[in-house]
Amino acid sequence: MVLDCAVIGGGPAGLNAALVLGRSRRKTILFDDNKPRNAVTSKSHGFITRNGIHPQEFKKIAQGELSKYPNVRLEPQRVHRINKENNLFQIETENAEVYSAKKIIIATGFKEILPDIPKAKEFYGKSLFGCPYCDGWELRDRPLAVIAEEQQTAFHMAKVVSNWTNDLIIFTNGRKVLSLEEKALLKNNGIGINEKKISSLIGKEGLLEKIQLEDGTSVLREGGFIASEWKQAASFDSLGYTLNEQGGITTDSWQRTNTEGLYACGDTRIAGASQLIIAAAEGSMAAIAVNAALIEEKYSQDK
């Protein structure tokens, strides 16, 4: 059987894409290896009616809704390789199973690589986060830290996080990444700057208490935000899509890539912290674009 569409990735983008395809009566398969980027997150925010939901509960509800559509199949395994042959995509899984599909939606997202700071993983997702819009409210009015080692990220994140607190220090972990003009602007707005090397993060049960520096001093902080390096969680280079400056897959406004029949949505397009609601919306848009393309192809064959 040739599928209408294969959706690669079972996060909010892929789930919503599969939902719209199922409701469009399209033969669809959703591949999900259940290794989400937000695995460390206990609550997801910013999605109306689902604000504060646990990511796994969100997925459980979504998969339950998908089960009502007989044309949608959930396949809990990782896609190993995708090739395009004679206008059809051949999908090979880690179990050496092969599927054929007319269209592909990539929704595998990015993976985060945290800075090389001791114990950073212990606090990430509990008191250190990546997205102020996702977790800034919960940390409001506390003494916070921004840990960022790159110039553009450090300056931008410090300005954004200051929206939620008047007690903010940016830590560049031993790097001189801020210009004199940027430093002056931050200090004039009450934001502290610490360019010393971080030796460790200190706290209990994932709750940050202070940041230990290599010179032996420490700074009391109760949480904050940390900038990560972003890489594609999966790579299908044989499909010939292009990447943008952030390393995301380039698409047009309908989530179409430069490869005919290939679509991308959610975090896989844009590196950085994204919200569930945005990813889900892009999944819906990609599915609508796929269905529209299949309809046009059907009618063009009748001419």
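Glu75 counts as buried, because its relative accessibility is 12% (buried means under 20% relative accessible area, exposed over 50%, partly exposed in between, with a 1.4 Å probe and protein chains only). This is a predicted model, in which local features need pLDDT of at least 70 and side-chain atom pairs count only at pLDDT 80 or more, while totals for chains, interfaces and linings use all residues. Residues are numbered from 1 along each chain as its sequence is written, and side-chain values use heavy atoms, with hydrogens and water left out.

Stay with Glu75. This residue sits in strand 3, residues 72-75 (helices, H or I with at least four residues, and strands, E with at least two, are DSSP runs numbered from the N terminus). What does Glu75 touch, not counting residues up to four places away in sequence? Its partners are Ile29, Leu30, Phe31, Asp32, Glu97 and Tyr99 (contact means heavy atoms within 4.5 Å). The side chains of Glu75 and Gln77 also form a polar contact of 2.8 Å. A polar contact is a pair of N or O atoms within 3.5 Å; within protein, one must be able to donate a hydrogen and the other to accept it, and residues adjacent in sequence count only if both atoms are side-chain atoms.

Now move to Val98. Find this residue in strand 6. Val98 is exposed, because its relative accessible area is 54%. Leaving aside neighbours within four places in sequence, Val98 meets Gln90, Ile91 and Glu92. Arg256 is 158 residues away along the chain, and its C-alpha atom is 24 Å from that of Val98.

Asn95 belongs to the loop between strand 5 (88-93) and strand 6 (98-106). Asn95 counts as partly exposed, because its relative accessibility is 49%.

Next, step back to the domains. Domain 1 covers 3-111 + 230-301, and domain 2 covers 115-226 (the bounds come from an automatic or database domain assignment). Their C-alpha centres lie 33 Å apart. Six residues from domain 1 and eight residues from domain 2 make the contact.

How many salt bridges are there between domain 1 and domain 2? The count is zero (a salt bridge is a side-chain nitrogen of Lys or Arg within 4 Å of a carboxyl oxygen of Asp or Glu). Three residue pairs, both at pLDDT 80 or more, are in polar contact across this interface.
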